[in-house]
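These are my notebook entries on one model. I went through its helix, its sheets, its loops and its pocket in turn.

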Amino acid sequence: MAFQETATILGASTTYKLADTAKKYTLRDNGFAETSSGNFQLIRPLEATPHSKEGFKLKITVDKNVQKLKMSVTTANGLKAVDIFKNKNEALQEQFYFLMDSFIDRGLLQKV
């Protein structure tokens, strides 16, 4: 998956883009780690029950110029994209939107 100006996860109706206020230090302050290629990546678990190893992972990657991003929800091993909206799993959807709203509040993302 290539970096794009806007991104969303599989099955979601809301699209996001990086906010103008997003900077490298803002990404680091919010849990993004710099990869060996200079990009910034955040991996957060989305779990129906806390501390279960069976949950999904939200992956957000921002390019090193902080201009483009990509995001997905994957299986626990991170190999396959998952549609959390297909099975009407409201707990996972609520966690996803909570995380995205917190990134909006912190000036990292904005809805398109």
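**Helix H2 and what it packs on**

I looked up the contacts of helix H2 first: its buried residues pack against strand E2 (16-18), strand E4 (40-46), strand E5 (56-62), strand E6 (69-74) and strand E7 (109-111). Contact means heavy atoms within 4.5 Å. Helices (H or I, at least four residues) and strands (E, at least two) are DSSP runs numbered from the N terminus.

I note that this is a predicted model, in which local features need pLDDT of at least 70 and side-chain atom pairs count only at pLDDT 80 or more, while totals for chains, interfaces and linings use all residues. Residues are numbered from 1 along each chain as its sequence is written, and side-chain values use heavy atoms, with hydrogens and water left out.

I then listed the buried residues of H2, which are Leu-92, Gln-93, Phe-96, Leu-99, Met-100, Ser-102 and Phe-103. Buried means under 20% relative accessible area, exposed over 50%, and partly exposed in between (1.4 Å probe, protein chains only). On the spacing I recall that an α-helix has 3.6 residues a turn, so residues three or four places apart point the same way.

I checked the length of H2 (residues 90-105) as well: its 16 residues reach 22 Å from first C-alpha to last, close to the 22 Å expected at 1.5 Å a residue. The expected span is 1.5 Å times one less than the number of residues. After H2 comes Gly-107, with a positive phi near 80 degrees.

**Strand pairing**

Which order do the strands of the open sheet take? I read E1-E2-E7, three strands with antiparallel pairing. Strand E1 (6-7) and E7 are at the edges with a single partner strand each, so one side of each has no neighbour in the sheet. Two strands pair if DSSP finds at least two bridges between them. E2 and E7 have three bridges, in the antiparallel sense, and Lys-17 has Gln-110 in E7 as its bridge partner.

I followed the other pairings from E3 onward. Strand E3 (residues 33-34) is joined to E4 by two bridges and runs antiparallel to it, with Glu-34 opposite Phe-40. E3 and E4 form a hairpin with five residues between them, and Gly-38 in its turn has a positive phi of about 95 degrees.

E4 also pairs with E5, antiparallel, over seven bridges. Here I found Leu-46 opposite Phe-56 and Arg-44 bridged to Leu-58. E5 in turn is joined to E6 by six antiparallel bridges, and Lys-59 stands opposite Ser-72.

The E5-E6 hairpin has six residues between its strands, and Val-66 in the turn has a positive phi of about 55 degrees. I put its C-alpha 8.5 Å from that of Lys-24, 41 residues apart along the chain.

Val-66 also lines the largest pocket, together with Glu-5, Lys-17, Leu-18, Ala-19, Asp-20, Ala-22, Lys-23 and Gln-67. I sorted this lining into four nonpolar, one polar and four charged residues.

Conventions. 1 Å grid on protein atoms, 1.4 Å probe; cavity = no way out; pocket = protein on both sides within 12 Å on 5 of 7 lines; lining within 4 Å. Nonpolar A, V, L, I, M, F, W, Y, C, P; charged D, E, K, R; others polar.
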